[in-house]
Amino acid sequence: MSSSPGPIPSSWVSTGHLPTPEVVQSLVREAHAQFGSVDQGRVAHGIPALATASPQSFGISVAATNGATFNAGDWAVPFSIQSLSKPFLFALVCEAIGEQLARDTLGVNSTGLPFNSVLAVERTEEGLSNPMVNAGAIAATSLVPGEDAEAKWRFILDGLSRFAGRRLEVDAAVYQSEQATNAGNENIASLLSAHQQLWCEPRTAIDLYTRQCALLVTAQDLALMACTLANGGRQPLSGETVIAPLICRRVLAVMVTAGLYETSGDWLYQIGLPGKSGVSGGMITVAPGKGALATWSPPLDEAGNSVRGQLTAHFLSERLGLNLFDSRPSGEAIGQAP
Ligand code: DON
């Protein structure tokens, strides 16, 4: 299915809600206590400035669509957003050029390959991947509107800040560190360019992509950003409409397909929600209509996904009743979460 007749207006959307605030806060604390002692995984070493992160750092934040937040541990400590910028950047590009054109131009299918794979570009004749992996995200960045690099950067910074509900800032040390060790992404940009899949200078695309990855966020910022995707595009605290409801749908679909790269199937099988991970140890999970979860814990598994983040998402998806595929036979009482 390469094109669609466009959306059919929906008159009714049913999503449910989170359990009571007391239940959510107590489960967030329980998850933090339970998984804080897990010592599997390895802190990312590809970007030198990230290699010094403490493996002990662990923060959890849940944001509800009414703006309430529930936190534990290092939820207020800033870290670089890395790949977690990808769904929000894609949302902004969809908003700017239209979701149908964004899909046709970037692709939305899983590559089944690691996030930084150069093969992602060579996989199809047109060089399409999806905006959750580096290749598709660099291509998406090159589509950002603006007459020069500075205008394009303002668009990205303003847009991501609107998702967060506060002005975000770049971590200069992380930005410089990644700039100095960026050969992989530079290769991807050259290949994209060779496939006519880059819409600005490769150097500009890489610089804008690298700068956006170095934006500092906390777990609570990420929970609110992700909650905007759970809330029809309206930031739950500022009340600002950042993107249209249809774009939320599109972004969440691509997160389901490729948010955890080659382990996206395992993630969906177990957690049943759109998710996205980042190399600095952040993770987001979105429960449409209800809210979102963000975690920060630097040790990663082989695919680059936070180990404690995945455990927390699994625990909270189950205990908060968030799995999108869950149902009970009709007529059977559905209990409240404990
Ligand atoms: O471009 C990179 O490789 C990093 N700035 C971001 C990668 C990332 O976060 C993937 N995460 N699991």
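I'm working on a predicted model, where local features need pLDDT of at least 70, side-chain atom pairs count only at pLDDT 80 or more, and totals for chains, interfaces and linings use all residues. Numbering runs from 1 along each chain as its sequence is written, and side-chain values use heavy atoms, with hydrogens and water left out.

**Cysteines.** I looked for disulfides (a pair of cysteine sulfur atoms within 2.5 Å) and got zero. For Cys94, the nearest cysteine sulfur is that of Cys248, 10 Å away. Cys94 is buried at 1%, and Cys227 is buried at 0%.

**Gly233.** I found this glycine in the loop between α10 (219-230) and α11 (245-258); helices here are DSSP runs of H or I, at least four residues, numbered from the N terminus. Gly233 is buried, with a relative accessible area of 0%. I listed its contacts (heavy atoms within 4.5 Å): leaving aside neighbours within four places in sequence, they are Thr228, Glu240, Thr241, Val242, Ile243 and Cys248.

**Cores.** I went through the nonpolar cores next, meaning sets of buried Ala, Val, Leu, Ile, Met, Phe, Trp, Tyr and Cys residues joined through side-chain atoms within 4.5 Å. The largest has 66 residues, and Ile138, Phe163, Leu222, Met225 and Leu229 touch the most other members. Its largest share, eight residues, comes from α10. Domain 1 (21-81 + 217-319) and domain 2 (83-213) both contribute, so this core lies between them; the bounds come from an automatic or database domain assignment. A second, separate core has 27 residues, among them Ala31, Phe58, Ala72 and Ala313.

**Pocket.** A pocket is an open set of points on a 1 Å grid over the protein atoms alone, where a 1.4 Å probe fits, with protein on both sides within 12 Å along at least five of seven lines; lining residues have an atom within 4 Å of a point. I read about 590 Å³ for the second largest pocket, the volume being the space filled by probe spheres set on the points. Of its 29 lining residues, Ala44, Gly46, Phe115, Asn116 and Val279 are the closest to its centre. The largest share of that lining, three residues, comes from α8.

How values were computed. Buried means under 20% relative accessible area, exposed over 50%, partly exposed in between (1.4 Å probe, protein chains only). Helices (H or I, at least four residues) and strands (E, at least two) are DSSP runs, numbered from the N terminus.
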